[in-house]
Structure formats: C-alpha cells, structure tokens
Amino acid sequence: MNRRILTLLAAVLPVAVFGALLTAVTVPFVSFGPGPTFDTLGAIDGKQVVEIEGTATHATTGHLNMTTVSQRDGLTLGEALTLWLSGREQLMPRDLVYPPGKSREEINDDNDAEFRASEQSAEYAALGYLRYRNAVTLAEVQDPGPSAGGLRRGDAVDAVNGEPVYTVQQFTAKLADTKPGQTVAIDYRRKNAPAGTARITLGENKDRANGFLGVSVIDAPWAPFTVDFNLANIGGPSAGLMFSLAVIDKLTDGTLAGQNFIAGTGVINSNGQVDPIGGITHKMTAARDAGATVFLVPSDNCYEARSDDKGLTLVKVDNLAQAVDSLRTITDGGQPPSC
C-alpha cells in the first residue's frame with residue numbers, strides 16, 4: 001500500500017468514525033423547544049377545544065391560544081448538536097426529566113393526570129369568576145364501587161337521607177355514623193339532566209369503620225351545564241389559564257380578545273390564582289411564530305420572560321380576574337399591567 005493511500009485513509013478514517021458516532025451514539029440529554037399552540041376559542045378535529053353544552057353560548061372573536069413546549073428524547077449525538085446549534089432548543093440532562101427509578105411511562109402518566117386536573121381547576125375557576133354558587137361536587141366516582149351507576153362525576157349533592165348538605169364537612173358528617181351494608185339516599189343535581197335520588201348500599205373500606213360510598217367530593221362552583229376540553233396528549237397543567245378565559249369568553253357578552261391574537265400560559269387553581277410554569281421563553285417563541293402579538297405571563301415568570309420578549313407585549317397576570325380585566329383593557333385600546 002503506497003504512502004498516498006495511507007495518507008488518505010489517515011484523513012478519512014477519523015471523519016468516518018466521527019460521522020458514525022454522530023448517528024449511532026445516543027446522549028443522556030432531552031431537548032426542549034417551542035411546541036404547538038392551540039386556539040382555545042377554536043376547533044380541532046371537528047370539535048371545539050372548549051365545548052359547552054346545556055346553556056347558551058356567545059360568539060367569540062380573535063384568538064386565545066394556549067402554548068406548549070416540545071420535548072425530544074433518545075437523541076443521537078448529531079441530533080443533539082444540531083438542536084443546540086439552532087438556538088431554539090434547550091438541552092437538559094435526562095435524569096432531571098426522567099428521574100432514575102421512575103419509568104418514562106409513569107412520568108407521562110403523571111403529566112397527563114396533571115393536565116386533566118388542570119382542566120377541572122380551569123372549569124371551577126371560570127365558574128367561580130362567573131359567580132356560580134358552591135356545591136358539594138363529586139370529583140370522582142369509583143368504578144367499580146358502591147356508587148357506580150347511581151352517581152356520576154360532576155353531580156352536586158344536595159342531601160343525605162333527606163337532610164340538606166351545603167359543604168363537604170357537612171356531607172362527611174352525615175356519613176360518619178353509617179355502617180357497611182346500610183343503604184343511604186343521596187339527593188343530587190345532574191348536569192344536562194333531571195335531578196334525582198340515588199339509593200346506595202354502602203361498602204367496606206379497611207381504612208374506616210363507617211360505610212364507604214366510593215366517591216371523592218369537593219366544595220366547588222356548580223353549573224347545570226357541561227364544560228369539556230377536547231385536547232388530548234398535552235401533558236402538564238399550564239393550559240389552565242387559557243382554558244378558563246375561553247370558558248368565560250363563551251359564557252359572557254362581548255369578546256375578551258376582540259380582534260387580537262392573544263396567547264399565554266399559566267397554572268390555575270380552582271380559586272383563580274395563576275402560578276408560574278416552565279419553558280416560558282419556548283412558549284413565547286411558539287406564540288410569536290403562530291402570529292400572537294400579546295402574551296399573558298404569570299407574574300413569577302416575568303423576569304425570565306423579559307430577558308427575551310420575542311417582540312411580544314407581555315401582560316403580567318396574578319389571577320383570573322386580573323387576566324380578564326387586562327384583556328378588556330387591551331380591546332378598549334388601554335395599557336394593561338406589564339412585565
């Protein structure tokens with residue numbers, strides 16, 4: 001083998017090895033970047049993102065977009081370098097995202113559960129803002145369980161054995177002296193259906209001596225209509241604020257967005273408090289790319305959001321009422337609280 005061939009091999013071999021490493025070796029990092037956005041006033045797959053049935057709704061205009069963060073796992077070295085060099089993606093050690101001892105499926109299930117809980121909180125926050133009165137509300141009905149088939153998630157409990165209850169504390173007290181096998185009468189109101197009485201034979205639970213109804217209850221604003229959120233596979237709780245705003249917009253006169261393209265993010269609790277989220281700058285990038293000009297920012301995220309405002313008007317939000325007032329100020333041509 002002559003010297004020219006040896007020289008060529010010496011030059012090409014490292015490149016070939018490095019190229020193989022780029023495509024074959026995975027790295028212990030997860031990338032985060034701008035994800036898809038969804039207009040909570042719009043439709044997806046033929047269904048309204050926020051669907052309200054059983055009461056009159058009002059026409060809406062503009063956009064109220066929720067925003068997401070994309071996530072990629074199982075990156076090769078080449079993919080990780082490409083994403084990092086793009087300037088749009090953030091790399092994070094995988095162990096911080098998927099802690100050892102917990103499977104990816106378990107973590108994804110937790111994220112999905114958080115998202116579903118955020119939908120419930122968004123509904124309660126919106127109904128509370130609209131002054132619907134609290135009721136003893138069934139948050140869950142175990143199936144199988146003593147109440148399955150008699151009571152449903154979302155029912156409001158008005159009485160136990162003919163005695164009125166107005167709070168969870170009163171409801172719990174009425175069941176404290178019952179025994180397994182005893183039958184109780186539960187007077188309820190049901191969304192989009194007549195009120196009724198369910199006669200439930202109480203079961204047993206090893207953690208208590210009294211009868212077991214098989215439900216979880218909360219004090220929450222109750223309305224006689226249903227609110228459904230038709231988005232799937234969107235993990236985490238950060239869509240709550242935008243969901244609540246869409247419910248309010250559809251149930252009130254006028255429009256919150258006007259002709260504006262509003263986007264935003266924020267965890268919301270059932271009392272309407274807005275809490276911070278992760279990945280704010282990625283969500284802002286996604287909003288800007290989708291066409292938004294205004295972005296609703298949880299107050300505790302303002303410092304990070306200001307570091308790269310993406311050319312968006314940043315509106316500071318502490319709670320749902322403030323967010324509604326800010327949107328009305330914008331549509332009236334005023335200046336809302338800013339980051």
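Close-up 1. Glu119 pairs with Arg116 in a salt bridge whose closest N and O atoms are 2.9 Å apart, the term being used for a side-chain nitrogen of Lys or Arg within 4 Å of a carboxyl oxygen of Asp or Glu. The model is predicted, so that local features need pLDDT of at least 70 and side-chain atom pairs count only at pLDDT 80 or more, while totals for chains, interfaces and linings use all residues. Residues are numbered from 1 along each chain as its sequence is written, and side-chain values use heavy atoms, with hydrogens and water left out. Because Glu119 and Arg116 are three residues apart in helix α4 (residues 104-129), about one helical turn separates them; helices (H or I, at least four residues) and strands (E, at least two) are DSSP runs, numbered from the N terminus. An α-helix has 3.6 residues a turn, so residues three or four places apart point the same way. Glu119, at 9% relative accessibility, counts as buried, whereas Arg116, at 37%, counts as partly exposed; buried stands for under 20% relative accessible area, exposed for over 50%, and partly exposed for what lies in between (1.4 Å probe, protein chains only).

**Close-up 2. Salt bridge between Arg153 and Glu140.** The structure holds eight salt bridges, and one of them joins the side chains of Arg153 and Glu140, at 3.8 Å from N to O. This pair links distant parts of the chain, with Arg153 in the loop between β7 (134-141) and β8 (156-160) and Glu140 in strand β7, 13 residues apart. Glu140 is partly exposed, its relative accessibility being 44%.

**Close-up 3. Salt bridge between Asp158 and Arg189.** Here the side chains of Asp158 and Arg189 meet in a salt bridge, with 2.9 Å from N to O. Asp158 belongs to strand β8 and Arg189 to strand β10 (residues 183-190), so the pair ties together parts that are 31 residues apart in sequence. Asp158 is partly exposed, with a relative accessible area of 27%, and Arg189 is also partly exposed, with 30%.

**Close-up 4. Arg152 in the loop between β7 and β8.** Arg152, which lies in the loop between β7 and β8, counts as exposed at 52% relative accessibility. When residues up to four places away in sequence are not counted, Arg152 touches Leu138, Val141 and Arg190, where contact means heavy atoms within 4.5 Å. From C-alpha to C-alpha, Arg152 and Tyr188 are 9.6 Å apart in space, although 36 residues apart in sequence.

**Close-up 5. Crossing of helices α6 and α9.** The axes of helix α6 (residues 240-251) and helix α9 (residues 320-331) come within 11 Å and cross at roughly 60°, the axes being lines fitted to C-alpha atoms, for helices over the stretch in contact, and the angles running from 0 to 180 degrees between N-to-C directions. The two helices, α6 and α9, are therefore oblique to each other, a word kept for angles that are not roughly parallel (under 35 degrees), roughly antiparallel (over 145) or roughly perpendicular (65 to 115). In this contact, Leu241, Ser244, Leu245 and Ile248 of α6 meet Leu320, Ala323, Val324 and Leu327 of α9. The residues of the contact divide into seven nonpolar, one polar and no charged, with Ala, Val, Leu, Ile, Met, Phe, Trp, Tyr, Cys and Pro counted as nonpolar, Asp, Glu, Lys and Arg as charged, and the others, Gly among them, as polar.

Close-up 6. Thr252 has its place in the loop between α6 and β16 (261-264), and with a relative accessible area of 15% Thr252 is buried. Leaving aside neighbours within four places in sequence, Thr252 is in contact with His58, Leu130 and Arg328. The C-alpha atoms of Thr252 and Thr57 are separated by 7.6 Å, while the two residues are 195 residues apart along the chain.

**Close-up 7. Helix α7 and its residue Thr281.** Helix α7 (residues 280-290) is mostly covered, since eight of its eleven residues are buried, among them Ile280, His282 and Met284. Thr281, found in this helix, is buried with a relative accessible area of 18%, and Thr281 touches Glu304 and Lys310 when residues up to four places away in sequence are not counted. Gly291, which follows α7, has a positive phi, near 115°.
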